[in-house]
Amino acid sequence: MDAVLKSGSASHQRKSPNEIRRPSREEAEAAVRTLLAWAGDDPDREGLLDTPKRVVKAYTELFGGYFKDPNEHLERTFEDVGGYKDIVMVRGIPFHSHCEHHMLPFIGQAHIAYYPAEGVVGLSKLARVVDIFAKRLQTQENLTAQIASAIDDQLAPRGLAVLLEAEHQCMTMRGVQKPGVSTITTQFTGIFQDEPAEQAKFMSLVRGGGL
Ligand SMILES: Nc1nc2c(ncn2[C@@H]2O[C@H](COP(=O)(O)OP(=O)(O)OP(=O)(O)O)[C@@H](O)[C@H]2O)c(=O)[nH]1
Ligand SMILES: [Zn+2]
């Protein structure tokens, strides 16, 4: 019987990209040729000759998040905000990621809110953090947790709420084949975790309602 891995065990320690031998571009292109032939097509026909190159170029973009540090974008905070201490919400950040089980896209929106403690962060930086983690192989749960923990660690807000909603192509195009299904994941810290009324306020803002 397979051993069940407990979270926090050595087998769950993630290696950094520097600890993993990165195959050369040529090796990656050869792997794409193999998949094309395995799928049943001829990698040497004209239409497919440049496909391995294009796929590797596309992967460089789609999985570019492994080589970027989200903390760099969160280091700079602004404290001159006229004593503003209320909720800051960035709603409807579009993202696309890939599920780590099938390497198929899941596409949706992220909503992030926090109550500032010392300072606020540039609004675009929250969207940058979403992108960096999204451009890795993910589960939606892990993506949500990574976004929340990066922002929480750097900004130490009085409370943070992250909600992701997405449609997973591995459930739409294959397997169970259920298009139009939304998966929603949330992570709350601080006052969002402690106070149900704050969670309700966040949910109401996510849905575009008033307070
Ligand atoms: N929890 C979670 N599951 C995911 C996510 N993305 C894909 N999955 C699921 O991962 C599971 C993998 O299940 P397996 O039984 O190992 O793989 P499979 O035979 O391809 O499963 P089916 O998709 O049911 O055909 C599936 O149930 C997917 O729906 C995600 O972000 N979070
Ligand atoms: Zn999947």
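Some ground rules. The model is predicted, so local features need pLDDT of at least 70 and side-chain atom pairs count only at pLDDT 80 or more, while totals for chains, interfaces and linings use all residues. Residues are numbered from 1 along each chain as its sequence is written, chains are lettered from A and ligands numbered from 1 in the order in which they are written, and side-chain values use heavy atoms, with hydrogens and water left out.

Overall layout, then. The protein chain has nine helices and seven strands. Those are DSSP runs, numbered from the N terminus: helices are H or I with at least four residues, strands are E with at least two. The C-alpha trace spans about 65 × 45 × 35 Å along its principal axes. Of the 211 residues, 36% are buried. Buried means under 20% relative accessible area, exposed means over 50%, and partly exposed is in between, with a 1.4 Å probe and protein chains only. Now contacts, meaning heavy atoms within 4.5 Å. Among those in the protein chain with a separation of 6 or more, 66% join residues 24 or more positions apart.

Next, the metal. Which residues coordinate the zinc ion (ligand 2)? Cys99 through SG, His102 through ND1 and Cys170 through SG, at 2.1 to 2.3 Å. The donor spacing along the chain is C-x2-H-x67-C. Donors here are N, O and S atoms within 2.8 Å of the metal (3.2 Å for Na, K and Ca); water is not among the atoms, so sites may look incomplete. Cysteine 99 counts as buried because its relative accessibility is 4%. Histidine 102 is at 36%, so it counts as partly exposed.

On to the core. The largest nonpolar core has 28 residues. Such a core is a set of buried Ala, Val, Leu, Ile, Met, Phe, Trp, Tyr and Cys residues joined through side-chain atoms within 4.5 Å. Phe95, Ile112, Tyr114, Leu126, Leu143, Ile147 and Ile151 touch the most other members. At least two residues each come from strand E2 (88–99), strand E3 (105–115), strand E4 (120–121), helix H5 (123–134), helix H6 (140–155) and strand E6 (159–168). H6 gives the most, six residues. Apart from this core lies another, of eleven residues, including Ile87, Ala113, Ala161 and Val206.

Take leucine 126. Neighbours within four places in sequence aside, leucine 126 contacts Leu74, Val90, Ile112, Tyr114, Val121 and Ile151.

Helix H6 also holds threonine 144. Buried or exposed, this threonine 144? Buried, because its relative accessibility is 1%. Leaving out residues up to four places away in sequence, threonine 144 touches Val162, Leu164, Thr185, Thr186 and Gln187.

Aromatics now. Rings of Phe, Tyr and Trp (its six-membered ring) pair if their centres lie within 6.5 Å; planes under 30 degrees apart are stacked, over 60 edge-to-face, and the rest tilted. That rule gives six aromatic pairs. One is phenylalanine 192 with phenylalanine 202, edge-to-face, 6.0 Å centre to centre and 65° between the planes. It links distant parts of the chain: phenylalanine 192 is in helix H8 (residues 190–194), phenylalanine 202 is in helix H9 (residues 196–206), and they are ten residues apart. Both phenylalanine 192 and phenylalanine 202 are buried. Ring pairs also join Tyr115, Phe188, Phe192 and Phe202 into a cluster.

Helix packing. Helix H1 (residues 25–39) packs on helix H3 (residues 51–62) at about 115°, axes 8 Å apart. Axes are lines fitted to C-alpha atoms, for helices over the stretch in contact, and angles run from 0 to 180 degrees between N-to-C directions. On the H1 side, the residues are Arg25, Ala28, Glu29, Val32, Arg33 and Leu36; they meet Thr51, Pro52, Lys53, Val55, Val56, Lys57 and Thr60 in H3.

Tyrosine 59 is also in H3. Tyrosine 59 counts as partly exposed because its relative accessible area is 39%. Beyond its neighbours within four places in sequence, tyrosine 59 contacts Gly64 and Met103. Tyrosine 59 and lysine 135 are 76 residues apart in sequence, yet 9.5 Å apart in space, C-alpha to C-alpha.

Alanine 156 has a positive phi, near 40°, though not a glycine. Alanine 156 sits in the loop between H6 and E6. Glutamine 177 also has a positive phi, about 50°, and is not a glycine. Its loop runs between helix H7 (169–172) and strand E7 (183–189).
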